[in-house]
Each structure stands twice: as C-alpha cells, then as structure tokens.
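I opened my notebook to look up a few points in this structure. My entries follow the order in which I checked them.

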Amino acid sequence: MKKNEKTTRRDFIEKVSAAAGFGALMNAMAAPDANAMSPMQMPGMTADPPPTTKPQAQKRSKTTPTPTGSNKDFSSFSRYKPSYGGPPGSDHYCGKLMPGIRKSGLAPVPVETPDLEKLDYKMVRGAKEFHLRATPVKREFLPGTFIDVWGYNGSLPGPTIEVFQGDRVRIVFHNELPENTSLHLHGIELPVAMDGVPGLVQDLIPPGKTFVYEFDLHQTGTFFYHSHVAMQEAMGMAGFLIAHPRVAFDPPVDRDFALMYQNFFVPPNASIADSSLMDWNWHTINGRSGPFTTPMVARHGERVRVRLVNFSPMQHHPIHFHGHTFWLTGTEGGRIPDSAWIPRNNTLVGVAMAQDFEFIANNPGDWIFHCHMVHHMMNHMVRQIGPRIRPAHSAQAYQNQPLHVPPPQNALSQPEFAVPGYPQEMQGMMNSPEMTMESMMRVMMKREARGMRKHWATGVHGLMTVLRVLPDELYERVMNSNAHIEPGEIFDAIAQGRYNKHSG
Ligand SMILES: [Cu+2]
C-alpha cells in the first residue's frame, strides 16, 4: 500500500481512469476533498466490493455520472432528425447515451411482443406463479394459412413471461402433448434440478402430467423458455422470458419490443411442419410471416429497444433495420456495459442467441426491419421442380452458343408447373392464390398499418416486419383515433414533410 501513497496525481488519475472509467475520473477530480474520494475507495482498487443488498440495476455507482441528460450535452445529436452526434467515443455519438422521453429512475416500460400474448400470474406462497401448457398449435402464419406446429398455451411462440429481478418465479408446467417433454429456462442461473434437461437432471414428463419449476431470479435480460427435446424445438417450442430490472437501465427507453425468429419446413400440400428436414420454406417472426407481422410503432424522438431472439432450428439471421444506427446493448447473457456497446444497422443473431439493441427513433417513416438472408425474405419457397427455364437446351449447347441463348421463360408461370396449393413464386405473394382479398384486408386493416402505402405488403415477406416512426400528430391519428385514414396518407405526409416539426 505504500506504493499507492507515493503515487503522483497523474498516476492516480491514470489508475482511476483505467479502473473506473472516465466518469469516475471526472467525479474524483470534482470531489471537494479527500473526504469524498480516496484512492482506497475507488472502484476497482478496494479489496472487497461495497456491501449491497439491492439488485445492481437499482442504482448506478456514485462514481459514474448518470447519463440522464441532465448534466450531458446532447446538442450535437438530434432526436428529431438523422444526425451524427459525435465524436466517436462521446456519449452522444450516434445518440449512444441519449435518454428517451421517459425519466430516469422509474420502473421499465413493459415489453411489447407483437402478435403474442403475455402469460398472467398469481402470487402464491410468495412466488409469481405461472401456468404453462405444452400443446399442439395451429398457427396462422399468413391470413388463412394455418400450420400445425407445437408451442405453449395454444400459441407459437408461447405466451411471454415477464418478470423482475429479485422475483421468486414458479412455473407450473403441464404436458398436453402426445409425447414426453420437459421445460428448459434458457440462460437462467437456477438450481440444477430445475434445468429441464431430460435424463441428465430430470425424467421426461409424460403426457397429462405436471412438473413445477421454481427459482429465484437474480438476473436481468432477454431469456426464453423451450423444450429440451431437439425435434420438439424444431417444431417451434419456445417463448420469451423477459427479466426486467426493478428500475430501468439508464438511459431509459420509451419502447421495448421483442421479436422471436423461427424457420419451418412444410411439405407441399401439407400443413404439418416436418422437423426432420432442413429445407426451411416458412419463416416467422413471433409466429407470423411477413406481411402478416404486425408493424411496431414508435413516436418520433423516442428511445427504442428491440430484443431479437433466434429460435430457428439451424439458421442464423442477420437482422437489418433501415434508416437508423442502433447500439448493441445486450445479449442472451444480459446487459452489455455501455463501454462495450457497438453501433450497427445489421446484427447477426445466431441460433438460440439474443441481441438487444437501442436507438433514438429520429428518422420518421415506415422502415423495413428484416433478415438479410434472401431465402428468408420470402414465403413458402421451395426448390424449382421441373425443367430448366431455357427449354430444350443442354449446358453444352449453352456454352457453344453464348450469343444465341434463347430468352429465359418463367416456367413457373406455366400451368403445367403449378403444384396445387403450393405456389412457387419467390416474390409477389400478393398474386398467390392463398392471398385473397379478405386476407389482404386483414393485413392492411391492422391499426398499426394505417396510412402505410397502398402496396406496402408487396415488399414485406418472410422474416420481415416494419418499424414505423411517427411524429406526434400522425402517431395520434394512427394509434389513438378512429378517424378514417387513406392508404398512403401517413406515409405521404412524412415523405413530403407535412407534419409539425420539432425544433430539436
Ligand atoms: Cu434469416
């Protein structure tokens, strides 16, 4: 310890800076006297962590400034128009620590899982008690297209379990499948007997039987529950388990969305997903295929979090969001310290991984939000069956006469190549026989889609959805008013700048 006593102020500053970050350094320098801060009290330099009974998320260290905006200069970043902020490394670079509209120190906003229900609970003997049933599910991937999969409580994915750090959680789990199963809580640090791995930690639960999973939750983050039987996982058996801190992380978000990505193979003229094949032709976000995925709607200027979970059997998804730069703020392991956040517009979500990101919704409009794998950007795709598209030409003939290649034909448009009930078109699902006018109305008439361009759905297929950023007056019309809105009216108002603009 003598060495510490002899350190110069510069050494001290460097050590403190390295150990506790720049914010601690600034506070240390601003401390009025040794009473407020001594080297031995600095984070990272004490032998023992300070005693605390509160969950970590409830308070920020006294030695780091609170990025609530009150003592920050965000003037070079606008929450109302695309802007750089900067320089890189600063708190306002790409809006990194720009707070939302919501104040710091409050409980988090509830998570929104478009197209999915939340699971209710009752307080029973000091625990939040949820009842979860493993069930066969008929899930409507597109309007009128029901696919037979498996899930929970009649839903694919299952209903969302939303809990808080510090909760005692009890999941009374009923098996209503025609075969044995068990429940695994992915990423939760629970007692081993609660881990749900068949054989290794528990016996499989037979049909009609119940098993109770119970644990104390000390974590926060984007977790999920799923069957730990491989072919059941491939039939879709998963659901969100969102663990909030008691007090929202700083900077607080105004919206918190969660999307789960899944793939299935459904053979021609069948409705039952075949979990043994790897030729995925149906793709779902929260159990819907684009354009039946319900758009996410945010107000212009809000800070928005989106949580992505990939529960596909075999495929990774590079998820791309247009018109904004977001910060990767969490993984399936929980919150990333803000010093390690990464700016992106496309983030690769591997199988059974989660990626949380945040951004300031400062660019109004209807923004596509999609997996960038081309085979995941369409519905109901299969390999082409039948002759090649240049009739009566061998590869040899093609190579011998490259200047006289016959024009390609769209063989799939010819009736002889049509497979009943199995459209092979890779685009233009609007022309699909499955997509009746009534179906189309169910896509277009959702509240969340009001005022989007007339043919918006022609560009939103498979693992695609839309995140709308609406200025206040337009948000109110779309979400909180029943006044008629023409197709394209809201989009045009934004594209032509016809809305009340913020000065920011
Ligand atoms: Cu994908």
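These entries go from the whole chain to one strand and then to one residue.

**Entry 1: overall picture**

I am working with a predicted model. I looked up confidence before anything else. The average pLDDT of the protein is 82, and 74% of the residues score at least 70.

Next came the make-up of the chain. I counted seven helices and 21 strands. The protein has 504 residues, and 39% of them count as buried. I also checked contact range. Among contacts with a separation of 6 or more, 74% join residues 24 or more positions apart.

**Entry 2: strand β10**

I turned to β10, which spans residues 255-264. How many of its residues are buried? I found ten of ten, and I logged the strand as mostly covered.

I then sorted its side chains by direction. In a regular strand, side chains alternate between the two faces of the sheet. Arg255, Phe257, Leu259, Tyr261 and Asn263 point one way from β10. Asp256, Ala258, Met260, Gln262 and Phe264 point the other way. Both sets are buried.

Which strands pair with β10? One is β13, residues 303-310, which runs parallel to β10 over seven bridges. Within that pairing, methionine 260 has valine 309 of β13 as its bridge partner. Another is β11, residues 282-285, which pairs with β10 in the antiparallel sense over four bridges. There I found phenylalanine 264 opposite tryptophan 282 of β11.

**Entry 3: valine 172**

My last stop was valine 172, in strand β5, residues 168-175. Is valine 172 buried or partly exposed? I counted 15 other C-beta atoms within 10 Å of valine 172. Buried needs 20 or more and exposed needs 12 or fewer, so this residue is partly exposed.

I then looked up what valine 172 touches, leaving out residues up to four places away in sequence. The list is Glu129, His131, Thr210 and Val212. I also checked glutamate 214. Valine 172 and glutamate 214 are 42 residues apart in sequence. In space, their C-alpha atoms are 8.4 Å apart.

**Entry 4: for the record**

Methods
Residues numbered from 1 in each chain as written. Predicted model: local features only at pLDDT ≥ 70, side-chain atom pairs only at ≥ 80, totals over all residues. Helix = DSSP H or I, 4+ residues; strand = E, 2+ residues; numbered from the N terminus. Contact = placed C-beta atoms within 7 Å. pLDDT = per-residue confidence, 0-100. Pairing = 2+ DSSP bridges.
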